[in-house]
Amino acid sequence: MIIIEKLTKRFGKFEAVRDLSLDVQPGEVFGFLGPNGAGKTTTMKIMVGLMRPTSGRVTIGGLDIGREPVAAKRLIGYIPDRPFLYEKLSGREFLLFVAGLYASGRRTAEYRADELLELFELGRWSGELIESYSHGMKQRLTMAAALLHHPRVVVVDEPMVGLDPRGAALIKTIFVNFCRESGGTVFLSTHTLEVAEELCDRVAIINKGRIVAQGDMQQIHAQAGGESAGLQDLFLRLTGGADVRAMLKGFKV
Amino acid sequence: MAALRVFLLLLWPKVRGMRKSRTFRLVFFGALGLACTVGIYMVSAWFLGRCLEVELIGALIPRKLMSLVLLVLLSILLISTTISSFAVFFMSEDLGLLMAAPVQVGPLYFARLLEMTLHSSWMVVFFGLPVFVAYGTVYNASFSFYLAVLLLFPGLILIPACAGAVIATVLTRIFSARRSRDLLVFLVVVGFVFLYLLMRAMKPEQLLDADSFGSMMDFLNIFRAPETSFLPTRWMTDALFPLLLGESQRMFLPAAAIWTTAAALMALSAWICTLMFRGSFARAQEGRVRSMPKLNGLPRRERLLGSWLDRLALVRPGCTGSLLSKDTRVFLRDTSQWLQLLLLGALAAVYIMNFIYLRAADFSWFTLYTVNHVLMGLVVSGIAVRFVFPAVSLEGRAFWIVRTAPVTLAEFLHAKLLIHLAPLAGLAMLLSIMSCAVIGVPLVFGVLSVALNLALALAVCSLGVGLGAVFPRFTAENPAKIPTGLGGITFMTTSLSFVFLFISASVYPSYVLYRVPERPDVPIGHPGWFWFSLAALLLLAVACALIPMWIGRRRLEERED
């Protein structure tokens, strides 16, 4: 469903993503892990057409995002890490605006918007201006907008930021159902390794723009040194986080 | 000492931020500013020189003029410092962090006061000082005059700044920052529109014609009208004018009045603001958002509009309906944006009134018809820089929604063009028809005028959307600031150049049409010129409509933020 081939992105002399290749299957929740500045968000922005790669290509459902951006974007629902929205619209008006961009029919759009507002527990606030929403509510509204047009792929950057435990549980269930029941694909980046372990069928760990490990949970555990070692150990070992204890030596918090 | 350290520490990030400005911008704005300053100085010096040559009243005019200039500057300062105070004292993003830190309110108040004063007064000082230099040159003033200007100006500026800070603090305590600012902007705009119409109704052009007054005494009385002695502008005039005339001993009392008032107001405002600041800040946080009643709770008319806009959002094909629906809602809900419609209304009224006055004078209809096109070009450019140029930037940080939707940037820009062209062309057509009716032009020329103005509106609108995409400011917190940067100036320069070329190209074919029926036996120029002018008109309009949109699309596609 998602094929990334030899993707490279440079900003001047700085190489944010280097020769990255991935293949994500339909019905899969794929975790994209890495420390801050590793190249996760850059990769995801290229996947959804917000950035153009220096070289390499991304194919979504067989459509090259660089060559057929409009058709490819119809298949994608994107949830960025920071929910910047049109603050002077109400939640429902915002969803109808997004439905208009995706050329949805009126009845379908209105029905779907109301359905998603209820699902994300925003029904009571649907007539309120977005500027009065909390961060978590805006995040949930962004997710509703991403699912509005029945995408086949959801690309989500840090899904759990700003969500309360109830909201987080809801999102996890929605993502799992989206993949298991609808055959959709979720490509998510997260710093919360527990979320990755709980949700993802496969993960890739990126560091300094390169994939340093990937596979399903069993393979990851094996790479980490056995069943007892977890994703965190591997993550820290591969991304240099193991030095944390040494860094803290002698430092009083 | 500790308070001074905190005060300097709070200013440090602002100074650092200023140093990050790009060299190109600094050079561009520096050159433009220098040109403006020199221009203002030369015009002022020329005008003052002419005034002094006028018999009887020549010596009175410069003093009255200085007083008027100062009054205008002070009024502008009071308005801008008050509006800035809401943003700087209560709505700034970094206040949350500062209020959570163990920072005393006193140094914070003085740091913000200094920031706000510099921010809102630099332009007034920049454009005001050349006028005073011109006074010094014309009167051959000594060094003491220039020194007095430099010493007294900061005191004069501090007076409205302190008043603005107090007004903002008190209003925020009562109404919350956002609502107070909206209320104040509303009052300022209504006041401005009223004064504008009043000024126009007073026909100031009559001042140029002393014969229109009943007697010489009526005319002289305008300049002798007493001014209240409690105004700081009066003190400033009383302090500076004696220096121009070499009577330096008379300047000390008014100069002392300025600085003692400024010092007293600073102390008073610091006391009031530090006392009320925490309460006002808390109130500002409560009022940061505005809730909207449920759809069913709205009055029938608004419900209908809402329902109609919902339908519009889902009109297919393309994204024009969705963007129009969204832009209309955002426009109507943002006070700072829809209030500008009042200014537009006043502008339209004054525009038509001008032609009623000019028609009464002894001008041929063809002259007024040509002047009408020039003025229309200026009006359309002025409206476009306010409403069309910011169209792309107003998408703000939410632009990612359009970028990730199955909509090409060409579709997006064309939708923006259509949305803004309809009202702009409508207004141009309306003003064109009304002014032609007032001037009394023949029907053929009326139709020609409408056609020319529609083409002009299309070209200027495309230029606005296109250059708005070349110079987008997605992170601008205040929409009113979007046209004030490099992009806005580039747009105005390009737009006015286009208007000049377009109207120049239209004069010749119009003149031919005007003369031929009257004197068909006399050939006017070469026949090829007529067709050449028409071709130039068409080419200019098409080029201006297409090229900026193309460049704007390319620039937006290249953006990666």
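The axes of helix α5 (residues 105–138) and helix α6 (residues 143–175), both of chain B, come within 10 Å and cross at roughly 145°. Helices here are DSSP runs of H or I with at least four residues, strands are runs of E with at least two, and both are numbered from the N terminus. Axes are lines fitted to C-alpha atoms, for helices over the stretch in contact, and angles run from 0 to 180 degrees between N-to-C directions. This is a predicted model: local features need pLDDT of at least 70, side-chain atom pairs count only at pLDDT 80 or more, and totals for chains, interfaces and linings use all residues. Residues are numbered from 1 along each chain as its sequence is written, while chains are lettered from A and ligands numbered from 1 in the order in which they are written.

Stay with the helix pair. Residues of α5(B) that meet α6(B) include B:L113, B:M116 and B:F132. On the α6(B) side, B:F145, B:F153 and B:I157 are among them. Two residues are in contact if their C-beta atoms, placed from the backbone, lie within 7 Å. The contact of α5(B) with α6(B) has 12 nonpolar residues, three polar and no charged. Ala, Val, Leu, Ile, Met, Phe, Trp, Tyr, Cys and Pro count as nonpolar; Asp, Glu, Lys and Arg as charged; the others, Gly among them, as polar.

Next comes helix α9 of chain B, residues 232–244. Its 13 residues should span 18 Å at 1.5 Å a residue, and its end C-alpha atoms are 19 Å apart, which agrees. The expected span is 1.5 Å times one less than the number of residues. In α9(B), 11 of the 13 residues are buried, B:W235 and B:F241 among them. Buried means that 20 or more other C-beta atoms lie within 10 Å of the residue's own, with C-beta atoms placed from the backbone. After α9(B) comes B:G246, with a positive phi near 80°.

Now turn to chain A. Its four strands form an open, antiparallel sheet in the order β2-β1-β4-β5. Strands pair if DSSP finds at least two bridges between them. The edge strands, β2 (14–24) and β5 (63–64) of chain A, each pair on one side only. Seven bridges join β1 (residues 2–11) of chain A to β2(A). A:R10 stands opposite A:E15 in β2(A).

Finally, the chains meet. Here 33 residues of chain B are in contact with 32 residues of chain A. On the chain B side, α12(B) gives the most, with seven residues. That side has 15 nonpolar, six polar and 12 charged residues.

How values were computed:
Buried ≥ 20, exposed ≤ 12 C-beta atoms within 10 Å, placed from the backbone.
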